[in-house]
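Thanks for coming. I will take a few minutes to walk through one structure, and you can follow on the screen.

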Amino acid sequence: MDKMPQWADIVLIPLISLILAAVLSALVILAIGENPVAAFKLMVEGALMRSAGWGYTLYYATNFMFTGLAVAVAFHARMFNIGGEGQAMLGGLGVALVALYIPWPHWSLAILGATAGAALFGAAWAYIPALLQAKRGSHIVITTIMFNFIAAGLLNYVLVNVLRPKGSMDPASANFPDATKLPTFRDMFSTADNIMFRGAPANVTFFLAIAACVLVWYLIWRTRLGYEIRAFGFSESAARYAGISPVRITVIAMLISGALAGLMSVNTTMGESERLVMNSTEGAGFIGIAVALMGRSHPFGVFLAAILFGFLYQGGAELALWTNIPRELIVVIQALVILFTGALDNMVRMPLEKLFLALRRRNV
Amino acid sequence: MTAPAIELKGISKAFGPVQANKDISISVMPGTIHGIIGENGAGKSTLMSILYGFYKADKGEIFIKGTKTQIPDSQAAIAVGIGMVFQHFKLVENFSVLENIILGAEEGVLLRPSLAKARKELAHLAKEYELNIDPDALIENLSVGHQQRVEILKALYRRADILILDEPTGVLTPAEADQLFRILDRLRDEGKTIILITHKLREIMDITDTVSVMRRGEMTATVKTSETSPEALAELMVGRKVLLRVDKVPATPGKTVLEIKGLRVIDDKGVERVKGIDLTVRAGEILGIAGVAGNGQSELLEVLGGFAEGTGSIRVNGVALPLSGKGADGQARRHAGIAHVPEDRQREGLIMDYTAWENIVFGYHLDPEYQSGLLMDNTGIQTLAQEKMDRFDVRPPHPKLAAKNFSGGNQQKIVLAREIERNPDLLLVGQPTRGVDIGAIEFIHQQIVNLRDQGKAILLVSVELEEILSLADRVAVMFDGHIMGERAPDQTDETELGLLMAGITEMPDKPIIQAIDEQFDHQQKEREGEQNG
């Protein structure tokens with residue numbers, strides 16, 4: 001017997017957690033002498049009320065969907081992949097190589113090539129920690145976080161010594177050819193007399209992210225592989241009994257996770273900067289952990305949580321731009337959301353479960 | 001008239017929506033042994049935990065020796081003279097007997113005076129109750145039976161005159177259990193009051209003066225043991241008539257299905273668990289492996305099931321199976337015609353968070369009949385699960401319920417439905433009725449016998465000697481990784497098997513329990529010799 005109806009689990013708990021996080025954030029804003037209501041209004045207006053705001057929100061959300069899915073898939077196999085950051089960096093390298101060295105006739109083919117490159121490089125970067133975990137028992141949390149540093153170092157070296165055009169002082173690759181330029185939302189949704197999403201970086205990769213959400217859902221709940229991944233995640237001893245190889249599942253789940261993290265770079269590197277730059281990931285690999293936690297490792301939950309975090313990112317930028325609220329405070333607000341939705345889940349869950357039990361008993 | 005040693009009046013306790021104890025009243029006279037019998041989850045342990053101060057009752061009163069008493073914690077329970085011997089001993093393995101006995105009852109800052117006092121007291125107790133034990137032996141070097149003795153001594157040292165024993169014979173050989181009962185008899189004669197919690201009817205009949213039966217949190221009856229019978233008790237436990245014996249015709253064994261030669265298994269810690277055994281199982285027979293838990297039976301099943309590695313040779317229908325590396329996994333074993341009902345259904349046989357329908361194909365999930373294109377045929381599997389659950393009388397018959405929400409017996413039926421219905425040549429069964437209610441035991445045993453009658457080979461491992469004796473057509477006894485011998489169930493008895501389970505192959509000319517102790521000491525010395533050499 002479930003303790004609560006499903007809607008309470010999926011909707012009510014995250015909602016209450018969010019409200020708690022918002023209240024606490026408001027208190028913090030009040031404490032530094034700003035008006036929380038005005039701040040909230042500014043965030044909503046900046047991120048959601050104009051199409052350009054949406055253009056930014058959805059651009060960030062695209063990143064978070066990929067990294068959130070990456071963490072979610074690993075979670076299902078009971079692994080904590082916190083190497084999304086490094087895998088996304090390497091994914092960026094894959095995108096850059098594909099875009100720079102293959103002459104693409106059209107963006108529609110280029111995005112397929114970039115997707116393959118990003119997934120391949122991201123997966124390759126997850127492969128080594130996966131192998132170390134599966135064969136040697138080196139903990140995946142430790143190895144993936146170390147690999148984040150190695151990825152940053154590697155990218156630094158490649159950009160400075162290999163991909164930097166002669167004479168450039170900027171540690172970045174050359175600009176990608178025009179044929180690889182992905183259509184932005186502005187290109188797609190504007191009409192001659194009504195320009196939408198002006199200046200916003202959201203691009204066609206957003207739809208790739210939605211497709212990834214759908215595919216991951218199918219993978220986890222409808223395929224043999226997903227069945228085995230979840231079984232392994234729930235009980236390794238039972239998986240062994242069933243003849244599911246722990247080594248195989250560990251490696252495959254991490255390859256998929258790394259590939260998804262790598263895909264994020266199609267959005268940032270090909271869709272936005274149109275060249276490979278240092279630190280193109282901007283911490284999205286870590287935000288993915290929060291997104292997966294809040295989305296309960298379910299692709300639809302990840303989709304919603306990614307949009308929420310996109311809103312927080314864009315709204316936060318607006319706050320920094322128009323008020324005296326420092327950028328660091330935005331990080332505090334994001335941290336509060338993560339704290340309440342991820343870490344303090346039980347704080348909300350326990351009283352709610354008791355409440356529902358009491359209600360049910362009264363009905364009986 | 002003397003006051004009862006313990007009197008409980010109207011005890012109730014609920015955990016959330018579950019009513020673990022409902023208005024329970026019981027009174028136990030001093031100097032008697034009172035049995036409490038009931039199925040798993042009937043509320044026996046909850047009731048005793050309330051008596052020992054682990055839980056607080058929602059309602060009800062406790063009287064100890066006629067005085068109304070509050071027992072908020074175990075210290076208070078000890079103070080009023082209650083001692084508890086848990087199913088899983090609470091001993092520090094690398095402490096001596098003496099150190100364990102004073103643990104928590106040390107007096108003063110320095111240990112030496114308390115140890116000296118305990119040594120004197122222990123000698124006195126040993127004489128009074130015939131509880132002989134070397135006070136300086138380390139717990140890890142003691143046999144399970146002796147460890148249990150230390151637990152009893154611990155309680156007596158704390159001046160307990162009411163002893164509660166929770167499933168005390170679960171880990172003992174029959175001879176050790178007999179020895180325990182002799183100790184309990186002696187304690188009763190000295191005026192101690194004993195409460196024995198068990199699910200074994202035979203123990204109740206053998207030793208108790210009165211018995212209370214619990215079912216679903218309620219006390220359904222309290223009767224004098226001399227005025228009842230096992231059948232009557234079983235009926236009270238389950239709420240309907242129960243067949244205690246398995247109905248079966250003699251086996252008609254056919255060709256050899258499983259042939260094991262020189263099998264050895266070394267576990268993760270480098271300890272050899274199976275030390276070169278030979279066994280055969282033929283079609284249409286049940287080979288029962290008896291033995292005290294931890295003598296290599298689990299490892300034997302794991303290697304056969306493909307999730308542990310070993311050396312030696314295993315043939316099924318004449319085909320050699322790889323014992324390590326490629327091809328030594330559960331999938332390959334299933335393809336070879338082996339089905340496996342594992343010992344631990346919660347850790348191995350089922351994914352507790354999976355629904356019943358997901359579990360009904362677990363291990364066979366790659367089979368083409370469960371696929372539709374690239375995806376799994378979830379609707380087809382759900383229909384199949386519904387059919388199987390109906391056939392095996394799984395309650396509630398809801399395929400979409402998670403496995404963890406079924407009772408132990410119904411979980412086991414889900415596993416059986418999956419394994420038996422795949423029509424295997426060889427069925428491995430480990431502890432088929434552990435944690436299973438009596439009502440379901442009957443059904444499960446019948447299913448195993450039916451499969452045998454269809455001409456399948458069955459290897460049954462169980463620590464319940466009664467189960468082995470009633471199901472098996474041949475009994476092999478395992479001890480310390482060896483097969484000590486094979487017997488026909490109708491040409492042996494619990495005494496002989498009990499000796500084999502302790503590693504003794506010939507009837508000794510001294511008291512049995514003494515022979516077992518000597519055998520254990522001998523074993524211990526050998527082990528030390530191995531370590532030193």
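First, the ground rules. This is a predicted model, in which local features need pLDDT of at least 70 and side-chain atom pairs count only at pLDDT 80 or more, while totals for chains, interfaces and linings use all residues. Residues are numbered from 1 along each chain as its sequence is written, chains are lettered from A and ligands numbered from 1 in the order in which they are written, and side-chain values use heavy atoms, with hydrogens and water left out.

Confidence next. pLDDT is the predictor's confidence in each residue, from 0 to 100. Chain B averages 89, and 98% of the residues score at least 70. When I say helix or strand, I mean a DSSP run, numbered from the N terminus: H or I with at least four residues for helices, E with at least two for strands.

Now the inside of the protein. Buried means under 20% relative accessible area, exposed means over 50%, and partly exposed is in between, with a 1.4 Å probe and protein chains only. A nonpolar core is a set of buried Ala, Val, Leu, Ile, Met, Phe, Trp, Tyr and Cys residues joined through side-chain atoms within 4.5 Å. The largest such core has 87 residues, and those with the most contacts inside it include A:Phe64, A:Leu260 and A:Val291. Helix 3 (residues 51–76) of chain A gives the most to this core, with 12 residues. A second, separate core has 69 residues, among them A:Ala242, B:Leu427, B:Ala440 and B:Ile468.

Contact means heavy atoms within 4.5 Å. Leaving aside residues up to four places away in sequence, A:Val291 touches A:Phe64, A:Gly68, A:Val302, A:Ala305, A:Ala306 and A:Phe309.

Another residue of chain A is worth a stop. A:Val251 sits in helix 11 (residues 246–273) of chain A, and it counts as buried because its relative accessibility is 11%.

On to a sheet in chain B. Two strands pair if DSSP finds at least two bridges between them. Here four strands form an open sheet in the order 2-1-4-5, with antiparallel pairing. Which strands stand at the edges? They are strand 2 (18–28) and strand 5 (67–69) of chain B; each has a single partner strand, so one side of each is left without a neighbour in the sheet. Strand 1 (residues 6–15) and strand 4 (residues 59–64) of chain B pair over five bridges in the antiparallel sense, and B:Leu8 stands opposite B:Ile62 in strand 4 of chain B.

Beside the sheet there is a helix. Helix 1 of chain B packs on the sheet and touches strand 1, strand 2 and strand 4 of chain B; its direction makes about 115° with that of strand 1 of chain B. For that angle, axes are lines fitted to C-alpha atoms, for helices over the stretch in contact, and angles run from 0 to 180 degrees between N-to-C directions. Helix 1 (residues 44–51) of chain B is mostly covered, with seven of its eight residues buried. After helix 1 of chain B comes B:Gly53, with a positive phi near 85°.

Is strand 8 of chain B enclosed or open? Six of the six residues of strand 8 (residues 193–198) of chain B are buried, so it is largely enclosed by the rest of the structure. B:Thr193, B:Ile195 and B:Ile197 point one way from strand 8, while B:Ile194, B:Leu196 and B:Thr198 point the other way. Strand 3 (residues 33–38) of chain B runs parallel to strand 8 of chain B, joined by five bridges. Strand 7 (residues 162–166) of chain B also pairs with strand 8 in the parallel sense, over five bridges.

Last, the backbone. Most residues other than glycine have a negative phi, and most peptide bonds are trans. A:Arg296 has a positive phi near 50°, and B:Asp393 has one of about 55°. A cis peptide bond joins B:Arg395 and B:Pro396, with omega about -10°.
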